[in-house]
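Dear colleague,

I am handing over the structure below, together with the notes I made while going through it. Please read them alongside the coordinates.

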Amino acid sequence: MPFEASRRDLTVGVIGTGAMGRGIAQVAAAGGMQVLMSDSRPGAADEARGFIDKMLARAAEKGAMTKDEAVGAVNRIRVVGGPEAMKPCQVVIEAIVENLEAKQKLFAELEAVVAPDCILATNTSSLSVTTIASKLKTPQRFAGFHFFNPVPLMKLVEVIDGLQTEGWVGDALMAVGRRMTREPVRLKDAPGFLVNQVGRGFTLEAAHLAYEGIAEFADVDRVMRDVGGFRMGPFELMELTGLDVTHPASELIYRQFFEEPRYRPNLIMRSRYEAGVLGRKSRRGFYDYDAEMKPIVPPEPPAPMARPASVWVSPVDAQGHAALVGLLNSLGIHRETAAKPGPQALILVTPVGEDATTCAVEQGLDPRRTVAVDTLFPMAKRRTLMSTPVTDAVFREAAHGLFAADGVPVTVCRDSPGFIAQRIVAMIVNIGCSIAQSRTAQPADIDKAVMLGLNYPNGPFGFGDVLGPGRVYRVLSSMHRIYGDPRYRPNIWLARRAKLGVSLLTPEP
């Protein structure tokens with residue numbers, strides 16, 4: 001008999017009633033399902049039901065649902081004693097501690113109780129779905145059903161097919177997720193699934209560039225908000241989630257991928273994690289906190305009043321040249337137009353993936369007068385500059401003053417292939433392409449998952465297409481060439497589409 005997600009008497013079991021479990025129970029009950037809820041800690045399930053009652057009552061007060069709907073949802077939730085009480089369920093969702101042995105033991109108990117066609121699902125965020133299922137007698141009915149916290153507010157749910165999961169199981173969970181008013185995405189089992197894989201590009205690359213001394217934490221956060229369009233910078237995000245969550249997850253994904261360099265963690269995270277400097281929860285992290293638990297953010301220094309005697313823009317990168325000339329014209333700046341810069345000119349270069357030093361040396365320019373400008377991203381809210389190690393302070397300050405003349409803030413970082421935003425966004429795109437190339441998920445689903453689960457302004461493929469696949473490929477290729485680190489090698493999915501001049505969303509037959 002086929003699974004009917006729309007049946008009125010569909011019964012869902014939820015085992016584990018912490019923040020995730022109670023959230024799953026709430027959206028299931030609100031979706032019209034009968035919910036059986038249990039927890040190994042005495043009284044925990046009753047507490048969770050009371051919490052759900054308050055949350056649904058508050059939703060009714062705000063007009064998100066009627067009072068009768070709220071009462072009806074709570075009445076569909078029943079607290080039961082344990083796994084042995086899950087016999088009536090068509091789906092059982094586990095949301096207990098992230099421990100492989102504990103999960104396998106629970107599912108072995110459930111397997112002996114529930115009907116043969118009952119779906120068994122795990123809400124794990126870090127363990128392999130295939131590995132959890134490996135001890136089951138019927139692994140074909142087992143899948144991942146990964147929600148995000150807080151469940152009632154986060155619409156995304158990842159539906160993960162293990163190696164032995166039968167297709168109808170994932171189909172059924174997709175339907176159940178929709179009935180819960182979630183936005184499900186389908187994928188194959190992989191370390192970090194979709195969202196936690198892509199999120200490594202944001203946090204780990206930020207940690208790597210900070211460790212290299214390229215920019216301070218606050219500067220990276222400002223650039224990624226104002227230039228990249230993210231709601232929070234990477235260090236702000238890690239402050240909120242806590243390094244006791246972020247760093248172990250990062251190390252686990254790195255190990256699960258057999259130490260794939262793209263997922264290599266950084267000492268700047270590990271040292272803080274081991275010292276207990278975890279972020280907001282420890283009152284100290286990448287930022288310090290005041291008595292009201294607000295981060296103490298170092299103020300930006302005022303822009304210099306200095307201006308260059310003259311300006312020359314390198315024509316090597318045509319797009320960067322055009323963008324920078326347009327900005328200079330809007331600022332009313334007269335520039336030199338000769339083939340070579342004059343002896344007193346501020347020399348501006350527009351690297352895509354290169355550092356200022358490489359541009360100066362390869363283009364035969366005076367590195368003491370060279371300053372690089374990031375033109376790959378819009379320059380309306382913030383501008384990013386970087387100098388070579390030998391750029392004269394007079395020219396660096398003149399460039400800073402020039403680009404801040406209209407009141408737009410300027411971040412000046414140390415020399416780095418890819419500035420700040422280029423590096424981080426290129427890594428996000430590259431990891432997304434790697435997921436698509438491995439056939440873990442479809443590109444559109446990867447973008448959807450990232451935008452819903454991480455609140456990014458674009459998914460990896462959206463970012464890549466906005467910036468241009470060819471230019472993202474150039475960022476990564478340049479970084480790979482300069483650093484010599486396989487971490488930056490472009491994925492073949494990106495490389496092929498960049499060379500063909502087509503969208504990163506272009507599928508393969």
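In this predicted model, strand S12 (residues 346-349) and strand S13 (residues 370-373) pair in the parallel sense, with three bridges between them, and the bridge partner of Ile347 in S13 is Thr370. Both strands belong to an open sheet of five strands, ordered S11-S12-S13-S14-S15, in which the pairing is mixed. Strand S11 (311-313) and strand S15 (410-413) stand at the edges with a single partner strand each, so one side of each has no neighbour in the sheet. On average, and with direction ignored, neighbouring strands of this sheet are turned by 30 degrees against each other. Helix H14 (residues 393-403) lies across S11, S12, S13, strand S14 (383-387) and S15, and runs at about 170 degrees to S14.

The other sheet to look at is an open one of eight strands, with the order S3-S2-S1-S4-S5-S6-S7-S8 and, again, mixed pairing. Its edges are strand S3 (77-79) and strand S8 (183-188), each of which has a single partner strand, so that one side of each is left without a neighbour in the sheet. Here neighbouring strands are turned by 25 degrees against each other on average, direction ignored. Strand S2 (residues 34-38) runs parallel to S3 and is joined to it by three bridges, with Leu36 standing opposite Arg78 in S3. Helix H4 (residues 100-111) lies across strand S1 (11-15), strand S4 (91-94), strand S5 (119-122) and strand S6 (142-147), running at about 165 degrees to S5.

As for helix packing, helix H7 (residues 195-211) and helix H11 (residues 267-275) pack at an angle of about 95 degrees, their axes being 8 Å apart, and the two are therefore roughly perpendicular to each other. In this contact, Leu204, Ala207, Ala210 and Tyr211 in H7 meet Leu267, Ile268 and Met269 in H11; by class, that gives seven nonpolar, no polar and no charged residues.

The pockets may be what you wish to turn to next. The largest pocket holds about 1,300 Å³ of space and is lined by 43 residues, of which Phe148, Asn149, Asn196, Thr241 and Val245 lie nearest its centre. At least two lining residues each come from helix H1 (19-30), S6, H7, helix H9 (234-241), helix H10 (243-256) and helix H16 (443-454), and H10 gives the most, with eight residues. The lining of this pocket has 21 nonpolar, 16 polar and six charged residues.

The second largest pocket has about 500 Å³ of space, and among the 22 residues that line it, Gln26, Val27, Val151, Pro152 and Leu153 are the closest to its centre. H1 and helix H2 (44-61) are the elements that give two or more residues to this lining, and the largest share, six residues, comes from H1. By class, the lining of the second largest pocket has 13 nonpolar, five polar and four charged residues.

With kind regards

Definitions and conventions
Residues numbered from 1 in each chain as written. Predicted model: local features only at pLDDT ≥ 70, side-chain atom pairs only at ≥ 80, totals over all residues. Heavy atoms only, no water. Pairing = 2+ DSSP bridges. Helix = DSSP H or I, 4+ residues; strand = E, 2+ residues; numbered from the N terminus. Axes fitted to C-alpha atoms, helices over the stretch in contact; angles between N-to-C directions. Contact = heavy atoms within 4.5 Å. Parallel < 35°, antiparallel > 145°, perpendicular 65-115°, else oblique. Nonpolar A, V, L, I, M, F, W, Y, C, P; charged D, E, K, R; others polar. 1 Å grid on protein atoms, 1.4 Å probe; cavity = no way out; pocket = protein on both sides within 12 Å on 5 of 7 lines; lining within 4 Å. Points joined across faces, edges and corners; volume = space filled by probe spheres on them.
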